[in-house]
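Please keep the sequence and the model side by side while you go through this short note. The points below begin with a pocket and then turn to one residue.

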Amino acid sequence: MAKEVTYVMIKPDGVKQKLFSKICKVFLENDLDVIEIQNEIVLKKDIVREHYSHLLNESFYPDLESFMLSGPVIPMIVYGEDAVSKVRALIGPTNVKKAREESPNSIRALYGNPDFGPANVIHASDSRENALIEIKRFFNKELQRSKEVLTSSSIIPLSLNCAI
């Protein structure tokens, strides 16, 4: 397994619940570093459409878009051994009800709203390739390969800013 970066975004419901420190703590306890964070930002409609372009034709998309525009989000870059799959496991399944059944200690199971699909607290890249695309989208960083971008000697963890 190699060290890599992944993209994570705390969604409006997670920001509203003030989960940033709790989420950082979960990552830190699992040997992952938060290496870049943006302050709370409110997404623009075109960015939401681009980010969720694969869901535009789904019946739930209008609710998802409205939800993602409803408040600020916190984008971050997380780094560590097998970061993409490790973060995905820590956040749990997208569907909060499923997360509560299959992964009851996951971030989504603990803090997501099982009665409103988009309110699952957090997004994380589902592949290395998508991590690089999403990092470019939200951080305006052009990365060729996650291995090339960051080596152990170039990492400056911001996890200390997580105020745990």
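1. A pocket is here an open set of grid points with protein on both sides within 12 Å along at least five of seven lines, and a lining residue is one that has an atom within 4 Å of a point. Please bear in mind throughout that the model is predicted.

2. The largest pocket holds about 560 Å³ of space, and its lining is made up of 29 residues, among which Tyr-52, His-54, Leu-55, Thr-94 and His-123 lie nearest the centre. The elements that each give two or more residues to this lining are helix H3 (45–51), helix H6 (96–102), strand E4 (122–124) and helix H8 (128–139). Helix H8 supplies the largest share, namely 4 residues.

3. Sorted by class, the lining of the largest pocket comprises 11 nonpolar, 10 polar and 8 charged residues.

4. When its neighbours within four places in sequence are left aside, His-51 is in contact with Tyr-7, Met-9, His-123, Glu-134, Arg-137 and Phe-138. With one of these, His-123, the side chain of His-51 makes a polar contact, side chain to side chain, at 3.5 Å. Another of them, Arg-137, is 86 residues away from His-51 in sequence, yet the two are 8.1 Å apart in space when taken from C-alpha to C-alpha.

Notes:
Residues numbered from 1 in each chain as written. Predicted model: local features only at pLDDT ≥ 70, side-chain atom pairs only at ≥ 80, totals over all residues. Heavy atoms only, no water. 1 Å grid on protein atoms, 1.4 Å probe; cavity = no way out; pocket = protein on both sides within 12 Å on 5 of 7 lines; lining within 4 Å. Points joined across faces, edges and corners; volume = space filled by probe spheres on them. Nonpolar A, V, L, I, M, F, W, Y, C, P; charged D, E, K, R; others polar. Contact = heavy atoms within 4.5 Å. Polar contact = N/O pair within 3.5 Å; in protein donor to acceptor, adjacent residues only side chain to side chain.
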